[in-house]
Amino acid sequence: MPSKKVHVREYTVKAHERVIHTRLYKFICKQCNKDVERETYGPRPLYCEQCRPRITHSTKVAKNKKKPRPVLVKQQKRRVG
């Protein structure tokens, strides 16, 4: 049997420890205009902890919503007559 490549979307990972490099940012909050210090691992934050917009479950689901599958329609046989 010939081998083939298969794209796997879901998988399980064994529990492990990971080192995340964080950085302390000093900035002015975009909403309340206060001087704030915040530790994050991503890019420079725009909002303080109180003003930060919360991610709701409904917005997460909307991003990862699956596309509808195509439906195969069988063609009818033509009658000769």
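**Notebook: salt bridges, core and surface patch**

I searched the whole structure for salt bridges and found three. I am working from a predicted model.

**Entry 1. The strand pair.** I took lysine 26 and glutamate 37 to begin with. They form a salt bridge, and I read 3.7 Å between the closest N and O atoms. Lysine 26 sits in strand E1 and glutamate 37 in strand E2, which covers residues 35-40. The two residues are eleven apart, and the pair links distant parts of the chain. Is lysine 26 buried or exposed? I looked up its relative accessibility, which is 64%, so lysine 26 counts as exposed.

**Entry 2. Glutamate 49 and arginine 38.** Next I checked glutamate 49, which forms a salt bridge with arginine 38. The closest N and O atoms here are 3.2 Å apart. Where do the two partners lie? Glutamate 49 is in the loop between E2 and helix H1 (57-63), while arginine 38 is in strand E2. The pair therefore ties together parts that are eleven residues apart in sequence. Arginine 38 has a relative accessible area of 12%. The cut-off for buried is under 20%, so arginine 38 is buried. Glutamate 49 stands at 37% relative accessibility and counts as partly exposed.

Entry 3. Glutamate 49 has another salt bridge, with arginine 52. I noted 3.9 Å between the closest N and O atoms of that pair. The cut-off is 4 Å, so the pair at 3.9 Å counts. Arginine 52 is partly exposed, at 34% relative accessibility. Which residues are linked in a network of salt bridges? I listed Arg38, Glu49 and Arg52.

**Entry 4. Nonpolar core.** I turned to the largest nonpolar core and counted six residues. Its members are Tyr25, Phe27, Cys29, Val36, Cys48 and Cys51. Setting aside neighbours within four places in sequence, I found cysteine 51 in contact with Cys29, Gln31 and Cys32.

**Entry 5. Surface patch.** Last, I looked at the surface. Val6, Val8, Tyr11 and Val13 form a nonpolar patch there. Together they have about 460 Å² of accessible area. I picked out tyrosine 11, which lies in the segment before strand E1 (23-28). Its relative accessible area is 64%. Exposed means over 50%, so tyrosine 11 is exposed.

Terms used
Residues are numbered from 1 along each chain as its sequence is written. This is a predicted model: local features need pLDDT of at least 70, side-chain atom pairs count only at pLDDT 80 or more; totals for chains, interfaces and linings use all residues. Side-chain values use heavy atoms; hydrogens and water are left out. Patches are made of residues with over 30% relative accessible area and no salt bridge: like charges are joined within 9 Å, nonpolar side chains (Val, Leu, Ile, Met, Phe, Trp, Tyr) within 5 Å. Accessible areas come from the Shrake-Rupley method with a 1.4 Å probe; for residues, only the protein chains shown count as cover. A salt bridge is a side-chain nitrogen of Lys or Arg within 4 Å of a carboxyl oxygen of Asp or Glu. Helices (H or I, at least four residues) and strands (E, at least two) are DSSP runs, numbered from the N terminus. Buried means under 20% relative accessible area, exposed over 50%, partly exposed in between (1.4 Å probe, protein chains only). A nonpolar core is a set of buried Ala, Val, Leu, Ile, Met, Phe, Trp, Tyr and Cys residues joined through side-chain atoms within 4.5 Å. Contact means heavy atoms within 4.5 Å.
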